[in-house]
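The sequence and the structure are shown first.

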Amino acid sequence: MAADPILVEVNGEPREITADPMRRLSDVLRHDLRLPGTKVGCDAGDCGACTVLLDGQPVCACLVPTGQVVGASVETVEGLADDGRLDALQGAFHRHGAAQCGICTPGMLMASAGLLRRNQRPSRAEVEDALGGVLCRCTGYAKIIDAVLDVSEVAGVELKPETKLDPAVGKSIARRDGIDKLTGAARFADDGVPADALVMRVMRAPHARAGFTFGDIAGFLAAHPGLLTVLTAADIPGLNGFGIYPEPKDQPVLAETEVRFRGEAVAAIVGERTAVGAVEITDFPIEWSPLPAIEGIAAARAEGAHEMHTHAPGNVLIRGRVARGAISDAFDNSKISLDGTWSTGFVEHAYIEPEAGWARPTVASDGTRRIEVRVTTQAPYMDREEIARVLGIPEPDVRITPSVVGGGFGSKLDQSVGPLVAVAAWLLDRPVACTFSRQESLASTTKRHPSEMTAELAVDADGRMLGLRFHGDFNTGAYSSWGPTVAGRVPVHASGPYYVEAVQATSAAYHTNQPPAGAFRGFGVPQASLCHEGLLDEAADRLGLDRLEIRYLNALRAGQPTATGQIFDQGIGMAECWMRCARGGANTWMRRSVPMRRRVDRPVTALGLAACSMAVAIPQ
Ligand code: FES
Ligand code: FES
């Protein structure tokens with residue numbers, strides 16, 4: 001029996017919704033009412049991206065069953081602007097540059113609108129409290145909070161981007177894409193999916209390492225009306241592999257005989273949206289044969305550990321090495337030497353927009369079949385190369401259209417949904433869309449490399465860095481991804497932004513049965529920074545130097561060689577920058593964070609004294 005229509009007011013307009021009353025309001029708003037301004041980051045009430053006003057109160061639309069809104073008023077970001085102008089709240093966000101990637105912005109705006117209806121002059125603490133349920137990975141929240149506190153009664157700018165290009169250097173300028181992000185018009189990868197698109201859902205491994213065999217797939221399809229196909233590795237038309245480098249292309253689009261990490265893709269079901277959503281994972285016909293897995297760097301190094309790839313004997317994907325200067329002399333001549341060990345774990349990028357995209361086949365004027373892929377990506381040209389190889393077609397026959405990206409931070413430099421939807425659309429000759437769930441995004445995409453590092457630092461009596469020894473082992477996970485760049489490059493910057501007379505730095509990247517580790521803001525710099533910054537802090541404390549002073553003393557300057565011997569003749573403004581920070585008060589912060597233990601019982605060098613005195617009282 002058909003469900004009764006649900007009558008509701010949406011953005012001031014009466015609407016009649018014919019939908020399962022248990023469907024999430026966010027889903028119905030986005031797909032049935034075509035109001036994709038409301039975003040979905042988690043579908044679990046955690047991120048707040050889906051915040052809308054329900055009878056004036058902010059709610060997570062992903063937690064509201066549509067049947068619960070009968071007779072209610074629902075307001076989404078699309079309803080804020082009026083008469084062709086941003087409303088006052090949107091105008092304040094625009095002035096403050098409060099929308100960065102923009103994926104959290106609709107949720108931030110609606111939560112703020114709910115607050116301002118109750119309280120037109122909120123305190124900072126009240127704004128923070130009201131926005132506490134909406135997560136932002138880009139802005140650091142300050143601009144958003146400032147914007148809410150700065151809402152004036154004057155409505156904002158016109159709903160068209162600035163076209164006049166005034167000189168921008170030294171000025172705070174409005175974002176050219178700001179208005180679209182404030183009105184919900186910006187199209188992220190899961191927005192604007194073609195109405196006739198089929199939907200894909202990926203079947204993933206529940207084991208870190210396992211063999212598998214498929215059961216009765218034809219029977220599974222027959223038992224699930226609305227499903228059109230199940231894709232497996234056998235369906236990949238071209239090369240079932242991708243990777244950042246020309247070799248190895250070691251990550252399969254769909255695993256062939258063995259999965260190498262928990263969450264790896266083994267198959268993809270494609271069909272009508274409701275049919276795909278109704279499939280119970282446990283119904284999928286697959287038999288698993290779990291195998292001993294390598295979990296962690298020590299297990300990868302262990303004698304007798306199985307080799308995960310032929311390209312990585314001993315499970316070592318790559319080694320890096322940098323050596324400059326006489327390292328033994330540096331330690332022989334030092335006043336003090338310090339050492340330490342550090343380890344770091346996987347870090348998830350956690351952008352609010354999960355991986356998403358859709359593909360559709362097209363036909364060129366000369367009759368050539370082509371594929372168009374719209375996807376959230378940081379690397380459209382790399383996507384084109386990979387998808388062409390996977391489909392076995394020339395690169396010019398692949399068109400990648402990057403969507404607005406709701407945060408990437410490095411991870412969207414890798415493949416995710418692109419090859420999968422491209423293969424499905426190519427084979428079915430229909431548009432196919434896929435959006436990873438938050439759980440899939442967490443389980444299957446790249447992470448920051450876990451590391452195990454040791455370092456020794458030799459320092460002279462003045463605090464100068466004479467020598468650094470470093471070794472870092474990095475867990476690059478099941479597949480190569482950006483491992484060669486990250487782990488291979490760490491020795492290059494293991495000594496940090498400092499001049500060190502002698503450097504001996506090595507690294508290795510090990511494959512494990514864990515998620516692939518890839519690019520993540522800094523390519524190994526954050527891990528190595530723990531070592532050199534930790535040792536510098538300890539050296540400062542032991543020599544009685546200020547922690548900023550020792551950094552100023554050792555800061556790389558023009559004409560000095562880096563760890564690799566590269567010499568910059570100009571453009572290194574770090575020491576001057578720190579000096580200005582000290583003048584501006586940053587050193588007060590440094591001093592507060594560390595009990596000052598400057599001693600007067602040792603001679604202070606001229607440079608050290610100069611740095612110190614400038615830090616304390618620099619003439620203006
Ligand atoms: S809270 Fe609803 S999508 Fe995250
Ligand atoms: S601007 Fe908030 S998540 Fe990107």
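Phe409 is buried, with a relative accessible area of 9%. In this predicted model, the residue sits in the loop between β16 (398-402) and α12 (417-428). Its phi is positive, at about 55 degrees, although Phe409 is not a glycine. Phe523 also has a positive phi in a residue other than glycine, near 50 degrees. The loop that holds Phe523 runs between β20 (502-511) and α15. With a relative accessible area of 21%, Phe523 counts as partly exposed, because the limit for a buried residue is under 20%.

A further backbone feature concerns a peptide bond. Glu247 and Pro248 are joined by a cis peptide bond, with omega at about -5 degrees. Pro248 belongs to the loop between β8 (227-231) and β9 (258-259). As background to these cases, most residues other than glycine have a negative phi, and most peptide bonds are trans.

**Domains and their interface**

The domain assignment divides the protein into domain 1 (6-161 + 175-183), domain 2 (190-292 + 348-444) and domain 3 (299-346 + 447-616). Between the C-alpha centres of domain 2 and domain 3 the distance is 39 Å. In the interface of these two domains, 23 residues of domain 2 are in contact with 23 residues of domain 3. The area buried between domain 2 and domain 3 is about 1900 Å², and 57% of it is on carbon and sulfur atoms. Tyr245, Asp250 and Arg260 contribute 29% of the area that domain 2 buries against domain 3, more than any other three residues.

Polar interactions also cross this interface. There are 13 residue pairs in polar contact between domain 2 and domain 3, counting pairs with both residues at pLDDT 80 or more. On the side of domain 2 that touches domain 3, helix α13 (residues 438-444) gives the most, with three residues. The number of salt bridges between domain 2 and domain 3 is one.

**Salt bridges**

For the model, the count comes to 30 salt bridges. Side chains of opposite charge can pair when their charged atoms come close.

| Salt bridge | Distance (N to O) |
|---|---|
| Lys447 and Glu348 | 2.6 Å |
| Arg23 and Asp27 | 3.2 Å |
| Glu128 and Arg124 | 3.9 Å |
| Glu533 and Arg551 | 2.6 Å |

In the pair of Arg23 and Asp27, Asp27 is partly exposed, with a relative accessible area of 24%. Glu128 and Arg124 are four residues apart in helix α4 (residues 124-130), so about one helical turn separates them. Both partners of this pair are partly exposed: Glu128 has a relative accessible area of 42%, and Arg124 has one of 36%.

Glu533 is partly exposed at 21% relative accessibility, whereas Arg551 is buried at 9%. Through salt bridges that share partners, Glu533, Asp537, Asp541, Arg547 and Arg551 form one network.

**Nonpolar cores**

The largest nonpolar core has 40 residues, and those touching the most other members are Leu338, Leu457, Val459, Leu468 and Phe470. Helix α15 (residues 525-543) gives the most to this core, with seven residues.

Which residues does Leu457 contact, leaving aside its neighbours within four places in sequence? They are Phe331, Ile336, Ser337, Leu338, Met465, Gly467, Leu468, Leu535 and Leu536. Among them, Leu338 and Leu468 are also listed with Leu457 as residues that touch the most other members of the core. Apart from this core lies another one, of 39 residues, including Cys42, Leu53, Ile103 and Ala147.

Note on methods: Residues are numbered from 1 along each chain as its sequence is written. Chains are lettered from A and ligands numbered from 1 in the order in which they are written. This is a predicted model: local features need pLDDT of at least 70, side-chain atom pairs count only at pLDDT 80 or more; totals for chains, interfaces and linings use all residues. Side-chain values use heavy atoms; hydrogens and water are left out. A nonpolar core is a set of buried Ala, Val, Leu, Ile, Met, Phe, Trp, Tyr and Cys residues joined through side-chain atoms within 4.5 Å. Buried means under 20% relative accessible area, exposed over 50%, partly exposed in between (1.4 Å probe, protein chains only). Helices (H or I, at least four residues) and strands (E, at least two) are DSSP runs, numbered from the N terminus. Contact means heavy atoms within 4.5 Å. Domain bounds come from an automatic or database domain assignment. Buried area is the accessible area (1.4 Å probe) that two parts lose on being put together, summed over both. A salt bridge is a side-chain nitrogen of Lys or Arg within 4 Å of a carboxyl oxygen of Asp or Glu. A polar contact is a pair of N or O atoms within 3.5 Å; within protein, one must be able to donate a hydrogen and the other to accept it, and residues adjacent in sequence count only if both atoms are side-chain atoms.
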